[in-house]
Each structure stands twice: as structure tokens, then as C-alpha cells.
Amino acid sequence: MKAAHYSNERKAIMIYVDNAATTKLDSAAFAAMKPFLLDDYANPSQPYSFSRNTKQALKDAREKIAKCINALPEEIIFTSGGTESDNWAIKGMCSYEKSPIITSQIEHNAILRSCDQMEQMGYPVVYLPANEDGTVLPKTLENFIGNKARLVSIMLANNEIGTIQPIEEFAEIAHSHGAYFHTDAVQAVGHISIDVKALNVDMLSASAHKFNGARGAGFLYVKKGTPLKSYMNGGSQEFGQRAGTENVAAIVAMATALENNCKRLEENSLHLNRITDIFLKTLKVSFHRNGNPSNSLPGLISLSFPNTTGEALLHILDLKGIVISTGSACDSANQKVSHVIEAVNIPVEFAKGTIRVSFGKDNTEEEAKTVAQTINSIIEKQRNTL
Ligand code: PLP
């Protein structure tokens, strides 16, 4: 038999601290999705009685998700994940006038590459800078918005450095200039409290696998009355706004996982803050902590070390059974300093040595200590061989 690439023995001793890349499926979510893979496999759009359960499951999932973010059920549109939700929010707001789009320099590539495409089609796009802790200042938006912009899209929390943005202020500025406001909340949903009414956003992207749901499902919150054009054309699923047979099992898992995480938001963030403190106290080598620790996603830590590279650290840690990331999951194949680290002006001697440690609710204090001690010994060894 062919050997498994990553054996079960190796998984048993692995310390997984890359939860911003993806998370382990919640066991209750797995139990909830299973019947829809094996027994209740009916297409929810069919009129016969076999489809009753799948139809009801979609309805229940939509209601549960809506409740978690204070939306109406009909404002939740299921998608295949964060990338699709982001692409849709940007491209679905296109206008005949080719009105400007405003975003930030530190967005995920799902937003940046969508904006590139809009630029190629003749839409002016403004990329707002962030300050050194990764915050986009509302006055910067005020300075650039003008009266022609149709869409402003700024992420709720950054996937590489964790900084949380002042979304209510951006939404207010956008609305007062006649623009709609979208936020990429992929890293935030299921981890911090989200109330779309209080945030006053018109659209919000989320992805199930970032909050212990299954990969391949997500949603876009679209406030009633937002003139978003459909992006996937075909059948009349999802209120005629997003064609394609729904991934019922993954949607059911997403709703269960989100409900479970939302019930334990406070407990989970206290735990994540505690293990973050232990991790940082155990780290004895010098480092620069990126982002804004006082306003950041719980458990997401971006660190830059001098005289090393993020890639070297990632691979040595990997050999020792510890899974971290150099930046965002999608950029780790790319050896360049990430666009976020570049945008927040980390000194060059530190920038190349950047790693992201993202703890999840199941990580333990012991694991946090082991990760820090292992980083200490790798960096000390590297220093002694310089
Ligand atoms: N937006 C942000 C901020 C992300 O961190 C990610 C994934 O890393 C995405 C969008 C893309 O989400 P998905 O992997 O569900 O397509």
C-alpha cells in the first residue's frame, strides 16, 4: 500500500498552530453534516417529498447563521467560501458609469485580484494605505472617497497580522458619500462578536473553514435592498442571486460550527489570550510583534525575527512537527515578503523573518510553551552558526 504523505503517527505528535489558514472540523458539525452526505442527498430544489429534509436543513442553517450575526435569514446567501464571496461583492457592484472602487493595500488577494480585474475593465481603484500597526485610518478614506465612488471594501480583520479595523466609521463615511460598504470578515466571523446592523455594513464575506466548518462553504451577507448583481448565473437557487445546487452538507456543518463558536466566543478568546501570553513570555529571543496587539484577533500572532527567514523557520518547525505559516495560506508558496508586511513598513532586517502563529480553541498552554521553546532553540542555533 502506498504510504500516506502525512502519517497518522506524525499527526498524533503534530502541534497545529496555523488556524488562520484553516481549522479542524467541529465534531458536532461533522455529525450534523453526515446524514446529508449519505442518506438525505436529495437536491433541495426538487418538489418531491425526498427533498423536504434538505430544503428544511437549508432554511434552518440560514436562520441559525443569520441569528449569529444579527441579520435576516434572506440576507444570507450561501457561496463556496471566502474567495467567491469577495469576488462577488466586488464584481457584482459594477456600474455602467465605471464608478471608482475604494479598498486597502492590506486586503486578501481575493479582494486585490478582483480589484485588478475591475481596473483592467476601466474602473478606477484606490488602495488606501495602513499605518504601522496595520490600521487603515478613517480620515484616509475621508480624504480619498469623493462623491463618485460606488463601493468601499475594507477587511474587518487582517489575516496576516490580525489587526481589527474601525468598520462602523468606514461604513458611515461610505454611506455619507453615497457609496455601499463591504467588509471581508473571513478571519473574524466565529472568532469575535459580529453584528451586521451595528457595523452598518451592506455586505460581509465569511468562510466556514475558518471557524471549524467544512472547507467549500461560505456566505455573503447582503443587506436587503443592496443592488448586487448576480455573479453565478444559472438556476434560481439562493433567491435567484447565486445559481448552483447548494452544498447542503457543508452548509449544515457551517451553521452548526458557527452556532457553537458563537456560544463560546468569550470563553474561547479568554483561552486564546491566555495561551498567547504564555507563548510570548516563553519566547526569549528578540522579535518584532506586528499588528496592533490591543485591537487584534485572539490567538493570531505575527512575529518578525532578525537574521533569519520565515521560510527557514517554517521548514525547521515542520521537521519538528510544528505547523505555522509565513503569512497568509495563499501566499506561502511565494518567497517574497508579503504585501501586508511591506505595507506596514516592517524594517527590512526583520521583514524576511516573519512568521504567523495562529492558535485555535483546541491548542493547549503546553503546546504554546513548546512552540515558543522550539523557536528559541532554532534561532539560538542559527545565531551560533552565523
Ligand atoms: N479573505 C481572507 C481575509 C482570508 O483570510 C481568506 C483565506 O485565507 C479568504 C478571504 C479566502 O477564503 P477561502 O479560503 O474560503 O476562499
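Predicted model: local features only at pLDDT ≥ 70, side-chain atom pairs only at ≥ 80, totals over all residues.
Start with helices H3 and H9. H3 covers residues 52–69 and H9 covers residues 248–263; their axes come within 9 Å and cross at roughly 30°. With angles under 35 degrees counted as roughly parallel, H3 and H9 therefore run roughly parallel to each other. The crossing itself is left-handed. On the H3 side, the contact is built from Thr54, Ala57, Leu58, Ala61, Lys64, Ile65 and Cys68. H9 answers with Val248, Ile251, Val252, Met254, Ala255, Thr256, Leu258, Glu259 and Cys262. Sorted by class, the contact of H3 with H9 comes out at 12 nonpolar, two polar and two charged residues.

Ile76 has a relative accessibility of 0%, so it counts as buried. Asn109, on the other hand, sits 33 residues from Ile76 along the chain, and the C-alpha atoms of the two are 23 Å apart.

The other helix packing involves H11 (residues 310–319) and H14 (residues 365–384). Here the axes lie 11 Å apart and the angle is about 120°. That value makes H11 oblique to H14. The handedness of this crossing is right-handed. From H11, the residues in contact are Ala312, Leu313, Ile316 and Leu317, and they meet Thr374, Ile375, Ile378, Ile379 and Gln382 of H14. Of the residues in the contact of H11 with H14, seven are nonpolar and two polar, with no charged ones.

Now to the rings. A pair of aromatic rings is described by how far apart the centres are and by the angle of the planes. Phe279 belongs to helix H10 (residues 265–282), while Phe359 is in the loop between strand E12 (354–358) and H14, so the pair ties together parts 80 residues apart in sequence. Both Phe279 and Phe359 are buried.

Phe287 and Phe305 make another edge-to-face pair, at 6.2 Å centre to centre with 65° between the planes. This one also links distant parts of the chain, 18 residues apart: Phe287 is in the loop between H10 and strand E9 (288–290), and Phe305 is in the loop between strand E10 (300–304) and H11. Phe287 is partly exposed, with a relative accessible area of 27%, whereas Phe305 is buried at 0%.

The loop between E10 and H11 also holds Asn307. Although not a glycine, Asn307 has a positive phi of about 60°. Its relative accessible area is 56%, so Asn307 is exposed. Asn212 is a further non-glycine residue with a positive phi, in this case near 70°. Asn212 is located in the loop between strand E7 (203–207) and strand E8 (218–222). With a relative accessibility of 7%, Asn212 counts as buried.

Terms used
Residues numbered from 1 in each chain as written. Heavy atoms only, no water. Axes fitted to C-alpha atoms, helices over the stretch in contact; angles between N-to-C directions. Helix = DSSP H or I, 4+ residues; strand = E, 2+ residues; numbered from the N terminus. Parallel < 35°, antiparallel > 145°, perpendicular 65-115°, else oblique. Left-handed = near helix turned anticlockwise from the far one by under 90°. Contact = heavy atoms within 4.5 Å. Nonpolar A, V, L, I, M, F, W, Y, C, P; charged D, E, K, R; others polar. Buried < 20%, exposed > 50% of the residue type's maximum accessible area, 1.4 Å probe, protein only. Phe/Tyr/Trp six-rings, centres within 6.5 Å; stacked < 30°, edge-to-face > 60°.
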